[in-house]
Amino acid sequence: MGGKGGLLELRGWVPAGHWFGYGVAATADGPRRVVVLVRRAFTRPPGVGWVASLREATGWTEADRCGVDWPATEAALGTALPGDYKDIVDAFGAGSFDEYLDLLVRGAPGTDLVSWGQDVARYAHLYRPHPVHPAPGGVLIWGTSEQELTFHWLTGPPDPDDWPVLVQCLDGDWRRFDCGTGEFVLRLLTDRTPPFAFPPSAGPFPHWCDSWELPEGCGSAPAGQTS
């Protein structure tokens, strides 16, 4: 860049919750070194949905998967599920975001939503002080991480889209996030401000999703049927 008052050179880094820039600016007295420090803030373009924003954040350009039989899945769990969670699975399929957050999806080997959701009741003592689904207001797991975290919905509100997200750490501590699944996943990846500030948001690197196909006929809708 050049011109009076313009930047001649600028390099930037993203340490923690700030953007740091160092460069050279053109002034009336000649080139001068400049330092810029700006606090990072989470923003989402108005009118853009969470899943669309998640596609952009991860550079995801593949067509929607739409491979899960949602009526059968919800019947097996005994509850409707949040719409933005289903939209994420329909768009990305079963997979992992930044190798940090693994989605639980019906039919996915090792991360089957129904199997995990049904097994939770066997280990209810691990979820105290919260009851577990299908108890009224019980927690229902939807994601896991090798970083010793599990991700849940706190059921209770009649509309699943109103369920907050609960994160449980290995030590048993709970963190509540009063937002939907789509907002939570996007902010887990990109928002460096508390109470988010999960590790994936710290880096300037592009985010990504590793997606894998479900086994044929496992968790998918019958031919000709869509959710």
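This is a predicted model: local features need pLDDT of at least 70, side-chain atom pairs count only at pLDDT 80 or more; totals for chains, interfaces and linings use all residues.
Local features are given where pLDDT is at least 70 and side-chain atom pairs where it is 80 or more, whereas totals for chains, interfaces and linings use all residues. Residues are numbered from 1 along each chain as its sequence is written, and side-chain values use heavy atoms, with hydrogens and water left out.

We begin with P82, which lies in the loop between α2 (70–77) and α3 (83–92). Helices (DSSP runs of H or I, at least four residues) and strands (runs of E, at least two) are numbered from the N terminus. P82 has a relative accessible area of 2% and is therefore buried; this term means under 20% relative accessible area, with a 1.4 Å probe and protein chains only. Leaving aside residues up to four places away in sequence, P82 touches W153, P160, D161, W163 and T181, where contact means heavy atoms within 4.5 Å. The C-alpha atoms of P82 and G182 are 9.4 Å apart, although 100 residues separate the two along the chain.

Both T181 and G182 are among the buried residues of helix α5. This helix spans residues 181–190 and is mostly covered, since 9 of its 10 residues are buried.

T150 is buried because its relative accessible area is 18%. Its side chain forms a polar contact of 3.4 Å with that of H152. A polar contact is a pair of N or O atoms within 3.5 Å; within protein, one must be able to donate a hydrogen and the other to accept it, and residues adjacent in sequence count only if both atoms are side-chain atoms. Beyond four places in sequence, T150 touches I141, G143, T144, L166, V167 and Q168.

Key:
Buried means under 20% relative accessible area, exposed over 50%, partly exposed in between (1.4 Å probe, protein chains only).
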